[in-house]
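Subject: Structure handover

Hello,

Here is the structure I promised to pass on. Please open it and keep it beside this email while you read.

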Amino acid sequence: MALQLGDVAPDFTAETTEGTIDFHEYLGDGWGVLFSHPKDFTPVCTTELGTVAKLKAEFDKRNTKVLAVSVDSVESHNDWVSDINETQGTTVNYPIIGDPDHKVADLYGMIHPNASDTLTVRSVFIVGPDKKIKLTITYPASTGRNFQEILRVLDSLQLSSQYSVATPADWKDGEDVIIANSVDDEAAKEKFPKGWNTVRPYLRLTPQPNK
Ligand code: BEZ
C-alpha cells in the first residue's frame, strides 16, 4: 500500500553527492523534504534542482533539510550538478541520492508503473521531527513543481504543530489563521488573546499567534 500521512517515513542508507547518508540520522530533530526526479540530464529536473538550491536558505530558516533522489548513479549526478550550476546560475547545496537499484524509489512508491516502468514520478514527501510523513504530493514528469508551495505547507505544518490552528485556502505566513474546532470559546480566550472573528461558530479567524 502507498505511504500515507502519519506513517513513519521509511529509513534508508544511501550514497549521495554529499557522501553516505542515513536518512533519519541526517534529519536529526528537524524537518525534511525528500523529492524525486525521473532522470538525470533532463530539462524540467534541471530547473527544479536549481530552484531548490536558490531556496536553500528558506528551507534552513524552517529547520528543514532537503534531499533529492534520482534513479541514476552518484557519478552521473556529479556530472549533472556541473550542468545545473552552469545553466541555472546557482550551486547545488544539498545532497542528491544515487538510486540506480531503485531502493529509495521503491521504498517510497516513487515509480508508478502505469506512468513509466523505470522513471520516477515527481514525488514530494515532507517528514516531521517525529519522522512521520506530513505531506505527500505527486506531480507528473512533465510538470515542474512549485517549491514556494512546499515552503508554504512547511509554514502551515510548523504553525499547527505549535498552536491549535489550521490555515485557510491560499494562506501565507502572516495572514489570519483558523482556530481549531477542538478549542471552545472559553479556552480560545486564553490561547488567542488577540481575539477572533466568528464568521460561523465553526469558522473563527484569529491573527497568526506567533507574529
Ligand atoms: C524532465 O525533467 O524534463 C523530464 C524527465 C522525464 C520525463 C519528462 C520530462
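Which residue in β2 does Thr-13 stand opposite? Thr-13 stands opposite Asp-22.

First, the ground rules. This is a predicted model, in which local features need pLDDT of at least 70 and side-chain atom pairs count only at pLDDT 80 or more, while totals for chains, interfaces and linings use all residues. Residues are numbered from 1 along each chain as its sequence is written, and side-chain values use heavy atoms, with hydrogens and water left out.

Helices (H or I, at least four residues) and strands (E, at least two) are DSSP runs, numbered from the N terminus. Strands pair if DSSP finds at least two bridges between them.

**Domains**

The domain assignment, which is automatic or from a database, gives domain 1 (13-144) and domain 2 (163-206). Their centres, taken over C-alpha atoms, are 35 Å apart.

**Strands**

Start with β1 (residues 13-16) and β2 (residues 19-22). They pair in the antiparallel sense over four bridges. Together they form a hairpin, with two residues between them.

Now find the open sheet of four strands. Its order is β8-β9-β11-β10, and the pairing is antiparallel. The edge strands are β8 (165-166) and β10 (197-200), and each pairs on one side only. Strand β9 (residues 177-179) is joined to β11 (residues 203-206) by two bridges. Ile-178 has Leu-205 in β11 as its bridge partner.

**Helices**

Two packed helices are described by the angle between their axes and the distance between the axes. Axes are lines fitted to C-alpha atoms, for helices over the stretch in contact, and angles run from 0 to 180 degrees between N-to-C directions.

Helix α2 (residues 43-54) packs against helix α4 (residues 74-88) at about 70°, with axes 9 Å apart. The two are therefore roughly perpendicular (65 to 115 degrees). Contact means heavy atoms within 4.5 Å. On the α2 side, the contact residues include Cys-45, Thr-46 and Leu-49. On the α4 side, they include Trp-80 and Ile-84.

**Trp-80**

Look closely at Trp-80, which lies in helix α4. Is Trp-80 buried or exposed? Trp-80 counts as buried, because its relative accessibility is 0% (buried is under 20% relative accessible area, with a 1.4 Å probe and protein chains only). Leaving out residues up to four places away in sequence, Trp-80 touches Lys-39, Asp-40, Phe-41, Thr-42, Cys-45, Thr-46 and Leu-49. Thr-46 is 34 residues from Trp-80 along the chain, yet their C-alpha atoms are separated by 8.3 Å.

Best wishes

Key
Angles under 35 degrees count as roughly parallel, over 145 as roughly antiparallel, 65 to 115 as roughly perpendicular and the rest as oblique. Buried means under 20% relative accessible area, exposed over 50%, partly exposed in between (1.4 Å probe, protein chains only).
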